[in-house]
Amino acid sequence: MLLQLNNLLRKRLEARMLEGTLRSLKYTSGLVDFTSNDYLGLALDTDGRSPEKLSRGSTGSRLLTGHSEPIESLENKIAKYHHAEAALIFNTGYAANQGLMDSLLKEDVSVIYDLHCHASVQDGLRFTKGKSYPFFHNDTKHLKKRLEDVRKKRHPIFVVVESVYSMDGSLAPLKEMSALCDEYGAGLIVDEAHAIGVYGKKGEGRVVAEGIEDKVFARVLAYGKAFGVFGGAVLGSQLLKQYLINFARPFCYSTALPPYAIKAIDISYSKIHEADTQRNKLFALISYFESLSRQYSLVKDFHFSPIQSMVIPGNSRVKAAAMALATEGYDVRPILSPTVKKGQEILRLILHSFNTPSQVESLLHLLKGHL
């Protein structure tokens, strides 16, 4: 499987090399600046209160003046932490998904994706020239049927899923899916935005927790969830990293994250590594929520994740339920159509390690009167 897909990337990179347009990352120091976008010198105006005196801005894209040794060092740390060969930082998880989809899915490629994949995946697919085929949410039988049909086209195939789905907290059957991808010669891409920090012995994500990191073509990370900061990354092979540096437009044409954002991600990795107490509290609270919600007959489809959803059909009804909870001091947001299918509007509950069992009990008691 990987041989065919890697050959595809090499072929496209070799074409760039023959054209003399192959891109690479480099950083320089000690030169008089006539190339950055820091027109007024404000990016280099460091905050004197910081002991490290970090610059305010990166001054340009990674391909111009925005690359640096701290970014390169952090990417090596990210790759090692998540048991990957290489990592490439993007400005957001959204940009990482879009860049990955847009760069890989050309005319000679097919992609099969879960219908519940995040908007960033679907937006990325919308602007690609490749053929895309949805499959029913977490339905491995339908995925197998799609793989059988698409394989007949003799195109390289990618399968895109989320390890934890952002709307309802459902968990993808990753082992079954990776086995199917092996069988049909497809590359599995897993969005781990809502899994990193939470799953795995040290928050490495569900791919590592399931022990299938060597069977996944690419993973997408987002640092605005459990990591509590900002930014995103793609994990994969060194070949994939080189490929994205050359072909992922959101990477090539965006100003790089500023030094303080890179430092914040770095610090969060240290905190995530030491967050066993918080993870244990969170999973205990999820178990308590499951027990109590079943007792109250509130959740039809429970998933062992921090994200829980309760269907309240109709935008007006679900908004009214959220407002009623807010008046009692609980911040629970409604997810309205067309973000979700009409008639499937939900209250989306997010559990945290800092929530208490008594808060969960009070919340569910209040909800019982609205469902």
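Biologist: How many bridges join β8 to β10, and do they run parallel or antiparallel?

Modeller: This is a predicted model, to begin with. In it, 5 bridges join β8 to β10, and the two strands run antiparallel. I307 stands opposite I350 in β10.

Biologist: And how do β9 and β10 pair?

Modeller: β9 and β10 are antiparallel too, over 3 bridges. There, P334 stands opposite L347 of β10.

Biologist: What about the peptide bond from S337 to P338, cis or trans?

Modeller: The bond from S337 to P338 is cis, with omega near 15°. P338 sits in the loop between β9 (333-335) and β10 (346-350). For background, most peptide bonds are trans.

Biologist: Where is S297? And is S297 buried or exposed?

Modeller: S297 is in the loop between α11 and β8. Its relative accessibility is 65%, so S297 counts as exposed.

Biologist: Change of topic. Which strands pair with β4?

Modeller: Strand β2 (residues 110-114) pairs with β4 in the parallel sense, over 4 bridges. V111 has F158 as its bridge partner in β4. Strand β5 (residues 186-191) pairs with β4 as well, again parallel, over 6 bridges. V159 stands opposite L188 in β5.

Biologist: How does the chain get from β4 to β5?

Modeller: The chain passes through helix α6 (residues 174-184). This β-α-β crossover is right-handed.

Biologist: How many residues of β4 are buried?

Modeller: In β4 (residues 157-162), 6 of 6 residues are buried. Both faces are covered. I157, V159 and V161 are on one side, and F158, V160 and E162 are on the other.

Biologist: On to packing. What is in the largest nonpolar core?

Modeller: The largest core has 36 residues. L100 and L104 have the most contacts inside it. Helix α8 (residues 238-247) gives the largest share of this core, 6 residues.

Biologist: Is α8 mostly covered or mostly open?

Modeller: α8 is mostly covered, with 8 of its 10 residues buried. Among them are L239, L240, L244 and F247. K241 and N246 are on the buried list too.

Biologist: What does L100 touch?

Modeller: Leaving aside neighbours within four places in sequence, L100 contacts I189, A218, V220, V234, L240 and L244.

Biologist: Rings next. How many aromatic pairs are there?

Modeller: There are 10 aromatic pairs. One of them is Y223 with F227, edge-to-face, at 5.1 Å centre to centre and 65° between the planes.

Biologist: Why do Y223 and F227 count as buried?

Modeller: The cut-off for buried is under 20% relative accessible area. Y223 counts as buried because its relative accessibility is 0%. F227 is buried because its relative accessible area is 5%. Ring pairs also link Y81, Y223, F227 and Y269 into a cluster.

Biologist: Which rings form a stacked pair?

Modeller: F283 and F304 form one, 5.6 Å centre to centre with 10° between the planes.

Biologist: Why does the F283 and F304 pair tie together parts apart in sequence?

Modeller: F283 lies in helix α11 (residues 276-295), while F304 is in the loop between α11 and β8 (307-311), so the pair ties together parts 21 residues apart in sequence. F304 has 32% relative accessibility, so F304 counts as partly exposed.

Biologist: Last one. Where does the charged end of K368 sit?

Modeller: The charged end of K368 sits over the ring of Y296, 5.1 Å from its centre. In another case, R16 lies over the face of F247, at 4.2 Å from the ring centre. F247 is one of the buried residues of α8.

Definitions and conventions
Residues numbered from 1 in each chain as written. Predicted model: local features only at pLDDT ≥ 70, side-chain atom pairs only at ≥ 80, totals over all residues. Heavy atoms only, no water. Core = buried A, V, L, I, M, F, W, Y, C linked by side-chain atoms within 4.5 Å. Buried < 20%, exposed > 50% of the residue type's maximum accessible area, 1.4 Å probe, protein only. Contact = heavy atoms within 4.5 Å. Phe/Tyr/Trp six-rings, centres within 6.5 Å; stacked < 30°, edge-to-face > 60°. Lys NZ or Arg CZ within 6 Å of the ring centre and 35° of its normal. Pairing = 2+ DSSP bridges. Right-handed = clockwise from strand over helix to strand, strands pointing away.
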